[in-house]
Amino acid sequence: MTDKKYIRVVGAVIVNSDDEILCAQRPEGKNLALKWEFPGGKIEKGETETEALLRELDEEMECRIDVLDKITTTVYEYDFGIVELTTYYAKILSGEIKMLEHVDMKWMNRENIGALDWAPADIPAIELIQNYKGAIK
Ligand SMILES: Nc1nc2c([nH]c(=O)n2[C@H]2C[C@H](O)[C@@H](COP(=O)(O)OP(=O)(O)OP(=O)(O)O)O2)c(=O)[nH]1
């Protein structure tokens with residue numbers, strides 16, 4: 001048995017018109033410092049996954065997004081808790097990206113995203129994204 005916190009998290013895999021993916025780097029001084037992740041965060045009580053994503057993207061980047069197809073849900077046990085991460089493809093509808101909670105952000109080609117040092121919970125999603133050849137809806 002583990003008494004670790006179970007943390008439900010959603011991440012937005014934002015794709016632009018050149019089929020590049022927005023990757024964001026976590027700040028120093030927090031858990032998973034300087035690891036790369038997808039913009040998003042913890043689902044609050046009573047929120048749907050989509051509501052949490054819309055709120056987090058507004059808070060982190062002041063962007064409005066359209067939430068598209070679900071990619072996957074994976075569970076990863078960290079020392080600080082168990083993270084259940086659900087990822088969705090998304091598109092930016094409006095807003096200039098502001099970097100309010102990350103130290104770096106970059107648009108990367110789908111096939112190159114594996115080169116970054118991702119939070120471990122993201123690895124299954126990264127593999128699916130790299131290998132996906134269809135159209136994003
Ligand atoms: N947003 C996001 N979080 C991720 C990903 N992968 C991953 O392991 N996580 C972890 C990091 C955090 O422990 C948790 C998300 O929490 P958060 O972003 O709302 O909060 P945080 O730890 O940065 O800060 P705080 O609100 O607890 O102060 O999930 C990911 O791709 N995106």
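**Entry 1: C63.** I listed the contacts of C63 and, leaving out residues up to four places away in sequence, I found that C63 touches L57, D58, I92, G95 and I97, where contact means that the C-beta atoms, placed from the backbone, lie within 7 Å. I note for all entries that this is a predicted model, in which local features need pLDDT of at least 70 and side-chain atom pairs count only at pLDDT 80 or more, while totals for chains, interfaces and linings use all residues. Residues are numbered from 1 along each chain as its sequence is written.

I then placed C63 in the loop between α1 (49-61) and β5; helices (H or I, at least four residues) and strands (E, at least two) are DSSP runs, numbered from the N terminus. Is C63 buried or exposed? C63 is buried, because 20 other C-beta atoms lie within 10 Å, and the scale I used calls a residue buried at 20 or more such atoms, exposed at 12 or fewer, and partly exposed in between, with C-beta atoms placed from the backbone. I also checked C63 against E96, which is 33 residues apart from C63 along the chain, and the two C-alpha atoms are separated by 6.7 Å.

Entry 2: I counted two strands as paired if DSSP finds at least two bridges between them. β5 and β6 run antiparallel and pair over 11 bridges, and a hairpin of 4 residues joins β5 to β6; on that pairing, E77 has I82 in β6 as its bridge partner. β1 pairs with β6 in the parallel sense over 9 bridges, with G11 opposite T87 and A12 opposite Y88. β1 is also joined to β4, antiparallel, by 3 bridges, and there V10 has G41 as its bridge partner.

**Entry 3: the open sheet.** I traced an open sheet of 3 strands in the order β3-β2-β7, with antiparallel pairing. β3 (36-37) and β7 (104-109) are the edge strands, each with a single partner, so one side of each has no neighbour in the sheet. Strand β2 (residues 20-25) is joined to β7 by 6 bridges, and Q25 stands opposite D104 in β7.

**Entry 4: helix α2.** Which residues of helix α2 (residues 123-131) are buried? They are A125, I126 and I129. Seen down the axis of α2, these buried residues fall within an arc of 100°, so they line one face of the helix; the arc is that of the directions from the helix axis to the C-beta atoms. The buried residues of α2 pack against β1, β2, β5 (64-77) and β6.

**Entry 5: the ligand.** I found 16 residues around the ligand, the closest being G11, E37, G41, A119 and A121; a residue is taken as near if its C-beta atom, placed from the backbone, lies within 6 Å. The elements that give two or more residues to this shell are β1 (6-14), β4 (40-42) and β6 (82-94). By class, the shell holds 8 nonpolar, 4 polar and 4 charged residues, where Ala, Val, Leu, Ile, Met, Phe, Trp, Tyr, Cys and Pro count as nonpolar, Asp, Glu, Lys and Arg as charged, and the others, Gly among them, as polar.

**Entry 6: the record.** I looked up the unreviewed UniProt entry, whose annotation "domain: Nudix hydrolase" covers residues 5-130; such annotations may be inferred rather than shown by experiment. The end C-alpha atoms of residues 5-130 lie 30 Å apart, and the span is 17% helix and 42% strand.

Terms used
Two residues are in contact if their C-beta atoms, placed from the backbone, lie within 7 Å.
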